[in-house]
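Work through the exercises below with the sequence and the structure in view. Each task is followed by a solution in steps.

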Amino acid sequence: SLSYHPYPAQLYHADIWNEREGIYGLTLTTNSVDTPFIDGSNLSVLTNYVRENFGEEHRIMLTEQGYTRAQGEAVQAAALAYTYYAALYDPMVDSFVIHYSNDGTVDTAEGPLSLDFRLYPLAREVYRRIGSGSEEDANWIAQQCLPVIGVQSWNEIIPNFGQNIDKYKPAENPAEPQVREFVSRMYTVALGREAEEKGLNDWTRRLLTHRIDGAGIANGFIMSDEFMNKNVSDETYVDILYRTFFDREADEGGRSTWLERLANGNSRAFVLAGFVNSEEFDKLCSSYNISRGNMQTNETVIGSGVNQFVERCYNKVLGRPSDAEGLADWVGRIARGEETPESTAKSFFFSEEYANKETSNEEFVETLYQTFMDRDSDPAGKSDWVGRLSGGTGRKEVLEGFSRSEEFAKILQSFGL
């Protein structure tokens with residue numbers, strides 16, 4: 001489709017019905033396809049060209065136009081009516097939007113001329129009446145505007161004036177009833193309510209035009225403020241996903257697996273992606289003539305060990321229990337690959353909170369054993385690390401000796417990392 005702004009060829013002259021010449025003596029608006037400008041007086045040149053070369057399904061929207069009152073309020077009102085009727089009775093045009101502002105003045109050969117596009121009283125009254133459908137209003141507009149233009153009837157200048165114009169309507173998509181039903185069940189199953197007409201139409205149209213797919217609408221509903229504000233429990237969340245995307249109740253084994261992943265720190269978006277990217281949801285989408293698509297996630301499945309490791313960072317390094325928000329944040333970062341266990345531990349060990357403890361080298365090494373290895377130190381190992389620190393090795397390097405050790409690598413494998 002085409003968005004066009006049919007301003008007068010010379011912005012400071014609103015009388016579009018009068019022929020004007022530009023530079024090199026060119027007539028600015030003609031009824032030929034090689035016309036330099038298109039405005040309300042020759043709009044059909046543009047619409048005919050689009051229809052003949054691209055088809056009537058390619059629509060034209062007049063998304064901005066304005067008319068100065070530099071030549072008087074009567075000319076401004078007549079130009080508005082002229083262009084509006086040209087658009088109204090053209091089967092290719094679907095919208096008409098007025099630009100309403102004062103853009104100052106422009107210097108011309110005739111002196112400074114106004115580019116004040118605000119609608120003054122007469123044009124404002126024309127605009128108010130012109131879409132009413134009233135014969136009385138139409139006659140009033142004709143009486144005000146036709147003498148200014150210099151014609152007896154709109155039929156002299158507006159193609160198809162007064163006729164019943166059938167604007168283009170896309171052919172009905174045979175898949176629409178099924179897609180509409182799919183969207184409707186998203187409302188009832190996921191949100192627990194009936195669809196409002198506007199939302200139902202919008203989601204249906206977006207699916208039919210392939211602007212979104214099954215994954216897109218899944219994200220749109222489950223990650224919406226409306227759904228998230230329900231604050232449902234993990235159990236309820238998983239049950240809703242089964243009904244929404246698998247069209248069935250949860251099996252006990254599958255339900256337990258998803259709940260375990262949520263408990264271990266994986267996000268709800270990660271669990272949603274697991275349902276959306278499944279073969280079962282693919283089959284459901286196919287039954288409604290919808291492409292499933294894919295939901296991207298940068299999380300990995302994490303075992304309970306990650307939670308335990310972060311909890312140890314709080315307990316052993318900072319000497320206090322974790323707070324729920326902080327624990328979930330660190331576990332989520334590890335799951336999404338934004339942090340590693342090593343970088344997470346460094347954030348704790350080299351935090352201001354830990355620095356304020358002013359730990360000795362012996363205490364630092366003992367805490368490394370308990371944090372990374374989940375055990376007390378062995379005498380020989382502890383002595384070796386403390387000796388290195390006393391000999392000038394930095395704490396960061398000693399920490400990396402633990403985080404990159406074979407023993408911790410095996411622990412990471414048990415975490416699923």
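**Exercise 1.** Determine the handedness with which α2 passes α3, and describe the packing of the two helices.

Solution. The crossing of α2 over α3 is right-handed; a crossing counts as right-handed if the near helix is turned clockwise from the far one by less than a right angle, and as left-handed if anticlockwise. Helices here are DSSP runs of H or I with at least four residues, strands are runs of E with at least two, and both are numbered from the N terminus. The model is predicted, with local features needing pLDDT of at least 70 and side-chain atom pairs counting only at pLDDT 80 or more, while totals for chains, interfaces and linings use all residues. Residues are numbered from 1 along each chain as its sequence is written, and side-chain values use heavy atoms, without hydrogens and water.

Next, take the geometry. α2 and α3 (residues 121–130) pack at about 25 degrees, their axes 7 Å apart. Axes are lines fitted to C-alpha atoms, for helices over the stretch in contact, and angles between N-to-C directions run from 0 to 180 degrees. α2 is therefore roughly parallel to α3 (under 35 degrees; over 145 is roughly antiparallel, 65 to 115 roughly perpendicular, the rest oblique).

Last, list the contact (heavy atoms within 4.5 Å). On the α2 side it includes Leu-80, Tyr-84 and Tyr-85, and on the α3 side Val-126, Tyr-127 and Ile-130 are among the residues. The contact of α2 with α3 has twelve nonpolar residues, one polar and one charged (nonpolar: Ala, Val, Leu, Ile, Met, Phe, Trp, Tyr, Cys and Pro; charged: Asp, Glu, Lys and Arg; polar: the others, Gly among them).

**Exercise 2.** At what angle do the axes of α9 and α12 cross, and which residues meet?

Solution. The axes of α9 (residues 234–246) and α12 (residues 279–287) cross at roughly 45 degrees and come within 8 Å. The two helices are therefore oblique to each other. From α9, Thr-244, Phe-245 and Phe-246 meet Glu-280, Phe-281 and Leu-284 of α12. By class, four residues of this contact are nonpolar, one is polar and one is charged.
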